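Please examine the sequence and the structure shown below. The paragraphs that follow lead through selected residues, a helix pair and a pocket.

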Amino acid sequence: MMKQLRRSPALMLGLAGLTAFVVLAVIAPFIWGERADTLTDQTHLQASAEHWFGTDALGRDIFARTMVATRLTLLMCLATTAIAAVGGIGFGAAIWVAGPRVRALGQRVIDVLISYPSVIFALTVVAILGPGSGTSIVAIGLATCPAFARLTTNLAASIAGRDFVSTARLLGVSPARLLRRHILPNIAEPLLVLLSVAFTISLKALSGLSFLGVGVQPPDYDWGSLLNKGLEGIYLNPWPALGPSIVIILAGLAGGLIGDGLAAAVNPAAGRKRGYKAKVEALTSAPAASDSLAVADRLSVVLPDGTKLVDEVSFDILPGEVLGLVGESGSGKSLTAMALAKLLPEDLTAVAGTLRVGDLDLTAAKPPARRLATEIGIVYQDPSASFNPTLKLGGQLTEALRTHGRTAKKAAAEQAVDRLAAARVTLPEQRMKQYPHELSGGMRQRAMIASALLTSPKLIIADEPTTALDVTVQAEVLGLLREANERDGTAILLISHDVGVISAICDRVVVMYAGRIVEVLPIERLRAGDADHPYTQALLAATPTLHSPVDEPLSSIPGRPPHAASRPAGCAFAPRCPMARQQCHDELPVLTVSGTSSTACHAVDWDKEEAVV
């Protein structure tokens with residue numbers, strides 16, 4: 001991590017300030033120690049050239065005592081911050097990797113602990129164990145732990161949903177390694193900010209306990225106890241109180257500047273962003289052919305309350321086939337694909353009669369991690385989230401080969417360079433040594449395709465792989481996928497909301513709406529605009545073509561898909577369908593096979609009846 005630090009004015013200023021205090025802590029007892037403890041008859045003197053902060057009731061020099069107190073104060077602050085950070089981050093990380101049940105219980109415990117003011121907690125500990133510097137350190141450290149624990153669990157949960165973490169899970173990375181390699185480096189920035197805040201809080205809290213008389217006890221003294229004594233004669237001489245107050249403020253400011261500077265410098269992409277605040281989202285229902293590569297039979301994705309987000313979807317993918325999965329956002333496309341890759345979020349459950357890729361049974365609780373990692377490749381939607389921003393590209397590309405293929409480091413790197421070159425990534429050897437943010441969006445997506453192909457998978461799942469790219473790069477990425485399909489015979493499941501993208505490279509298309517399949521048809525019919533289902537027809541009408549009149553607006557589909565928990569008893573598209581009759585609202589249409597196509601629509605039967613008449 002330290003290799004990634006970049007120069008930051010705030011960091012430099014904060015480090016300079018803290019360094020000055022550390023030097024002062026080392027040398028102060030040798031320079032001012034005797035003067036700080038010498039009793040004289042010059043009591044309660046005003047500030048002067050000889051005594052910068054005046055003298056106390058025993059004639060001791062207040063400035064000398066403030067300088068000497070730096071050592072004990074800093075040592076106590078550092079020890080307190082260390083207890084808070086190690087204890088809090090350790091506890092938060094432990095409950096995150098322990099599993100959903102332990103995590104839920106641990107988070108409730110954190111919520112309870114954090115609801116109590118830290119000072120009250122610290123005073124309670126001091127009251128039980130007795131006053132003193134050691135007790136103060138333990139009390140404030142433990143009182144600050146819950147803040148670190150909560151931030152760690154919340155940040156870990158947000159990072160856990162990122163694409164590169166899903167990839168690591170697919171590779172079978174252990175929870176501890178996942179935490180160390182992928183989670184903690186990506187949450188280091190806000191934790192460092194909290195670390196600086198904890199240092200400042202510790203400084204104020206420890207000084208506050210000493211000020212109240214329950215912290216450092218005589219003959220020892222820190223800035224807080226000096227402030228306590230200085231207030232006794234503040235109306236006669238304010239400097240005995242102002243001196244310790246000033247150094248407390250300066251030390252806290254140095255800690256804050258270091259945290260802010262580290263937040264801006266630790267991120268490899270900091271050259272483009274400033275500070276923490278800038279960093280701130282079935283072919284049919286019948287059994288599939290025995291020679292199918294991938295099969296999903298009656299696949300449902302279910303919430304804990306029983307709500308079906310995907311409702312008994314059935315399809316298959318033939319070896320070497322490019323199958324398109326199209327539909328509006330919220331239709332269940334990505335959930336269907338992630339169920340096939342065993343990458344659903346923990347709160348969702350996949351239920352299926354059959355769910356397999358080759359002979360790999362995906363209905364098993366724990367399919368072999370090695371086979372999951374090598375037989376299924378993933379190309380995600382956002383190239384910016386596809387890679388871990390804190391790791392260089394080379395290590396991420398070769399992880400699957402080295403972990404599951406037992407390939408030597410050099411050989412894995414050579415294979416990765418070859419794949420990058422095949423994906424038309426320029427200067428592949430150089431890219432291996434770069435961080436993801438140093439590549440353009442199109443270059444990152446090409447690298448993602450190279451990564452997905454590196455283990456020679458049987459199936460590639462491409463989830464909206466062109467959404468974040470411009471039109472020119474979209475065409476290149478689609479060409480690379482088709483190239484891999486033709487060159488290696490790799491089957492592809494391409495997910496998109498764009499009919500034009502699906503038409504470009506797919507052999508067959510599955511249309512989904514509201515968690516169900518409404519139509520399956522060969523790509524020739526889709527390109528010809530020959531669809532049976534009104535929803536597919538509406539999607540085609542809303543897609544621009546080269547022959548579309550420039551002055552004619554595209555049609556739109558009125559309304560929006562229903563929420564999963566409030567889907568109607570009949571056809572979910574009926575409220576938006578211009579052809580809908582009462583039967584559509586009352587009866588759920590069944591996906592019916594007709595030649596090479598399948599449609600779930602009552603209107604197909606009406607056409608047949610009218611033709612007979």
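Arg-581 counts as partly exposed because its relative accessibility is 42%, where buried means under 20% relative accessible area, exposed over 50%, and partly exposed in between (1.4 Å probe, protein chains only). The residue lies in the loop between α20 (534-541) and α21 (582-586); helices here are DSSP runs (H or I, at least four residues), numbered from the N terminus. From C-alpha to C-alpha, Arg-581 is 8.9 Å from Ala-603, although 22 residues separate the two in sequence.

The model is predicted, so that local features need pLDDT of at least 70 and side-chain atom pairs count only at pLDDT 80 or more, while totals for chains, interfaces and linings use all residues. Residues are numbered from 1 along each chain as its sequence is written, and side-chain values use heavy atoms, with hydrogens and water left out.

Glu-375, in helix α11 (residues 369-375), is buried because its relative accessible area is 11%. Apart from neighbours within four places in sequence, Glu-375 is in contact (heavy atoms within 4.5 Å) with Val-357, Leu-360, Pro-457, Lys-458 and Leu-459. Arg-446 belongs to helix α16 (residues 441-453) and is buried, since its relative accessible area is 11%. With neighbours within four places in sequence again left aside, the contacts of Arg-446 are Ala-423, Arg-424, Val-425, Val-473, Glu-476 and Leu-480.

How do α2 and α7 meet? Their axes come within 9 Å and cross at roughly 145 degrees; axes are lines fitted to C-alpha atoms over the stretch in contact, and angles run from 0 to 180 degrees between N-to-C directions. Residues of α2 including Leu-74, Ile-89 and Trp-96 take part in the contact, as do residues of α7 including Leu-178, Phe-199 and Leu-206. By class, this contact has 20 nonpolar, four polar and no charged residues; Ala, Val, Leu, Ile, Met, Phe, Trp, Tyr, Cys and Pro count as nonpolar, Asp, Glu, Lys and Arg as charged, and the others, Gly among them, as polar.

The second largest pocket holds about 590 Å³ of space. A pocket is an open set of points on a 1 Å grid over the protein atoms alone, where a 1.4 Å probe fits, with protein on both sides within 12 Å along at least five of seven lines; lining residues have an atom within 4 Å of a point. Its volume is the space filled by probe spheres set on the points. Of the 31 lining residues, Asp-56, Arg-60, Arg-65, Ser-225 and Lys-229 are the closest to its centre. The largest share of the lining, five residues, comes from α8.

How values were computed: Helices (H or I, at least four residues) and strands (E, at least two) are DSSP runs, numbered from the N terminus.
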